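Work through the exercises below with the sequence and the 3D view open. Try each task before reading its solution.

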Amino acid sequence: MRVAVASCEYEGNSLSLRVDRKEDFERKGLVRGQQVLAFANGKQTALAGGIEALQDEHCVVVPILAAKGGAGGHVEEAFFQDILAEIINGIAAQLPLDGVYLALHGAMICDQEKDPEGAILQGIRSAVGPGVPISASLDLHAHVSDRMVENADILVGYETYPHVDAYETGKKAAGLLIGAMKGEFAPVMRIKKYNAIFPVLGGATLGDAPMAKVAAKARQIEDQNRAFSVSYFPVQPWLDMADVGITGLAVTDGDAEAADAVAQEILDEMWLRRRAFELDAMTPEEAVKAALASDAKTTLLIDAPDSIGGGAAGDSPALLAAIVAHAPDTAAALCIYDPYTAQLAFELGRGAEAEFEIGAWLDTRWADPVKIKATVESLHDGTFIYTGGPAASLETTLGPSVVLRVGGLQLLCASHAVYENADEHYSACGIDISQCRLVSFKNLMNFRKLLSDTVNFIALHGLGATPLRLQDVDWQNRKRPFWPADDMATPSFI
Ligand SMILES: [Zn+2]
């Protein structure tokens, strides 16, 4: 069986000013043809899992293209159209094929195209015709459109958040594809979607968190053979589009009615727990004071409104201002996206002392730059390898990066806004967070991997491109009523 394989993974954010172009994808992973196999080989990504599952079944893998872009605002339209054409033309040139496997994120947006994954799947469907099964793995935060469902046979979301099962999800999506290609079952897929969005911070599948119960229910339904695959998408909430909402999805063997019922059941599992997604949060000043008063050896301060993993710029200095003002001598670490300061510090050299204006250079809407007097402590190339997550074992780079010393604070200024899995970005630049009382993270979930008996966290609220309070966003395209802006006893479908 000949199976075409491609990936295009990017998480967009309508509120973010970040724009990602060809060079940004090239830095994170943009390869073609046979290079795709080397890019995936031995990794823990969805693409790698899909390819290995196909190879285990002795399929002929036909690699087309892999594009990995992380999270940001939107992708430049012209670049996406190039990628789209390459994938579709690449697949058309390899016909006849028995199937197609794709590793997608599912929440990408471009300047004009707001449903790029739908465009990819529709284009591939047109190329291969109706009889060739198409299967795709998706992030748990995917925005699944009707066009995606109409043009794919099988869509499978990550089961975990923090995302630790990208590889397994790729395997699952490819495994179901193999079954469909062999004619062992006839996949029928349905989604159900409510006009509701949930705070990402409360979406962990760990312990007895609300999403853990949703996940357990999905696995139970699969174990009962009521569906081959059950997925739940609490969705990337910062997408300003009318059809974005929490989604349940089911794939069954030819039974549309059962798929509808299971999709509805898993959607309601999310909906009934909606209030439990709201977690406590503090202002930066309150958070620093509360951290100093806590018994923990280390407190992680989660800069939720400026989450790089959610697509924000990562350049907000609001927490920096609070640490400098209220904990000037406390051992602390904070990473911020500030290429200008990084460049200036490289020019000044190690050991130099100078005045710097930190942050708020790309996204100037929420806070002013913070002026500090600091010493250039160390200079780095910023390269690290992900220790886990959807990019596990891939290399990435913060670009030229500097550590400035301001009293007890080690301030890491990076040339690229990069999402970390744990504390790779700090350790790559010589910062040992176990020695810090306060550590800042601009991610909404992966920090949980660092929690322990002696390490706690406090989340921050405030203004930004990834705010916790979704009801306060000035949405242009969402239709009312929607949760959580409107207290709906009965949710409305999208
Ligand atoms: Zn995600």
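A residue counts as buried under 20% relative accessible area, as exposed over 50%, and as partly exposed in between. The model used here is predicted.

**Exercise 1. Classify Asp-280, Ser-393 and Val-235 as buried, partly exposed or exposed.**

Solution. 
- Step 1. Find Asp-280 in the loop between α9 (256–271) and α10 (284–293). Its relative accessibility is 75%, so Asp-280 counts as exposed.
- Step 2. Go to Ser-393, in the loop between β16 (383–385) and β17 (395–397). Its relative accessible area is 29%, so Ser-393 is partly exposed.
- Step 3. Turn to Val-235, in the loop between β10 (229–233) and β11 (247–253). Its relative accessibility is 1%, so Val-235 counts as buried.
- Step 4. Ser-393 has a positive phi of about 70° and is not a glycine. Val-235 is not a glycine either, and its phi is positive, about 70°.
- Step 5. Return to Asp-280 for a distance. Val-473 is 193 residues away from Asp-280 in sequence. Their C-alpha atoms are 18 Å apart in space.

**Exercise 2. Identify the residues that coordinate the zinc ion, and say whether Asp-139 and His-141 are buried or exposed.**

Solution. 
- Step 1. List the donors. They are Asp-139 through OD, His-141 through ND1 and His-163 through NE2.
- Step 2. Read the distances. They run from 2.1 to 2.2 Å.
- Step 3. Write the spacing in sequence. The pattern is D-x1-H-x21-H.
- Step 4. Apply the cut-off. Asp-139 has 5% relative accessibility, so it counts as buried. His-141, with a relative accessible area of 6%, is buried as well.

**Exercise 3. Explain why helix α3 counts as largely enclosed.**

Solution. 
- Step 1. Count the buried residues. Helix α3 spans residues 46–56, and eight of its eleven residues are buried.
- Step 2. Name them. They are Ala-46, Leu-47, Ala-48, Gly-49, Gly-50, Ile-51, Ala-53 and Leu-54.
- Step 3. Look for the cover. Among the covering elements are the strands β1 (2–11), β4 (60–71), β6 (99–104) and β7 (134–138). The helices α2 (35–40) and α7 also contribute.
- Step 4. Conclude. Eight of eleven residues are buried, so the rest of the structure largely encloses α3.
- Step 5. Look past the helix. His-58 follows α3, and its phi is positive, near 60°.

**Exercise 4. Find which residues Val-188 touches, leaving aside neighbours within four places in sequence.**

Solution. 
- Step 1. Val-188 is in strand β9 (residues 187–193).
- Step 2. Classify it. A relative accessible area of 18% makes Val-188 buried.
- Step 3. List the contacts. They are Ala-250, Val-251, Thr-252, Gly-254, Asp-255, Ala-256 and Ala-259.
- Step 4. Take one pair. Val-188 and Ala-250 are 62 residues apart in sequence. Their C-alpha atoms are 8.2 Å apart.

**Exercise 5. Decide whether the radius of gyration of the protein chain agrees with a compact globule.**

Solution. 
- Step 1. For 494 residues, a compact globule would have a radius of gyration near 23 Å.
- Step 2. Compare. The protein chain has 22 Å, so the value agrees.
- Step 3. Along the principal axes, the C-alpha atoms fill roughly 70 × 50 × 40 Å.
- Step 4. Of the 494 residues, 64% count as buried.
- Step 5. Check the contacts. Among those between residues at least 6 apart in sequence, 74% join residues at least 24 apart.
- Step 6. Tally the secondary structure. The chain has 13 helices and 21 strands.
- Step 7. Finish with surface and charge. The accessible surface is about 18,000 Å², and 49% of it belongs to carbon and sulfur atoms. There are 40 positive and 66 negative side chains, with the centres of the two sets 2 Å apart.

Definitions and conventions
Residues numbered from 1 in each chain as written. Predicted model: local features only at pLDDT ≥ 70, side-chain atom pairs only at ≥ 80, totals over all residues. Heavy atoms only, no water. Donors = N, O, S within 2.8 Å, 3.2 Å for Na, K, Ca; no water. Buried < 20%, exposed > 50% of the residue type's maximum accessible area, 1.4 Å probe, protein only. Helix = DSSP H or I, 4+ residues; strand = E, 2+ residues; numbered from the N terminus. Rg over C-alpha atoms; globule rule 2.2 N^0.38 Å. Contact = heavy atoms within 4.5 Å. Areas by Shrake-Rupley, 256 points an atom, 1.4 Å probe, with all protein chains shown as cover. Lys, Arg positive; Asp, Glu negative; His and termini not counted. Charge placed at Lys NZ, Arg CZ, Asp CG, Glu CD.
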